[in-house]
Amino acid sequence: MDAGLFQHLGLSELRKRRDEALDGLHALNTGKRSVTFRYGDRQVQYSEPARLEAYVQALSGAIRAKESGRSGRGPITLGVG
C-alpha cells in the first residue's frame, strides 16, 4: 500500500486513522473475527491481521512523510545507457 494514497489527509486525521487501525489490529489478534472502519460514506472491513498491519504501516509511512515535509514518494529515475 502506497503512503502517497493518503496525501490529501491532514496529520491529525492520519494519526486518528492509525490509532483506530491499531485498536482494530489488537481486536483481531485477541479473538475478534473482523473489524470495520467507516470513512464518510466508505466502509472497509478487515478479517486478516496481516492486511490490517499493511494498512497501519502505510498510515505510519504517510505520517512520517508529513512530519518530514516529504510527499511520501521517491524520485523517478530512468536508466540511460
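I set the exposure terms before anything else: buried means under 20% relative accessible area, exposed means over 50%, and partly exposed lies in between (1.4 Å probe, protein chains only). By that scale K16 is partly exposed, at 44% relative accessibility.

Notes on the source. This is a predicted model, where local features need pLDDT of at least 70, side-chain atom pairs count only at pLDDT 80 or more, and totals for chains, interfaces and linings use all residues. Residues are numbered from 1 along each chain as its sequence is written, and side-chain values use heavy atoms, with hydrogens and water left out.

I searched the whole structure for salt bridges (a side-chain nitrogen of Lys or Arg within 4 Å of a carboxyl oxygen of Asp or Glu). The search returned 4.

Entry: E67 and R15. I found this salt bridge with its closest N and O atoms 2.6 Å apart. E67 sits in helix 2 (residues 49–68) and R15 in helix 1 (residues 11–29), so the pair ties together parts 52 residues apart in sequence. I took helices as DSSP runs (H or I, at least four residues), numbered from the N terminus. E67 is partly exposed at 48%. R15 is also partly exposed, at 33%.

Entry: E20 and K16. Their closest N and O atoms are 3.8 Å apart in a salt bridge. Both residues belong to helix 1, 4 residues apart, about one turn of the helix. I read E20 as partly exposed, at 29% relative accessibility.

Entry: D19 and R18. Their side chains form a salt bridge at 3.7 Å, N to O. D19 is partly exposed at 41%. R18 is partly exposed at 22%.

Definitions and conventions
Helices (H or I, at least four residues) and strands (E, at least two) are DSSP runs, numbered from the N terminus.
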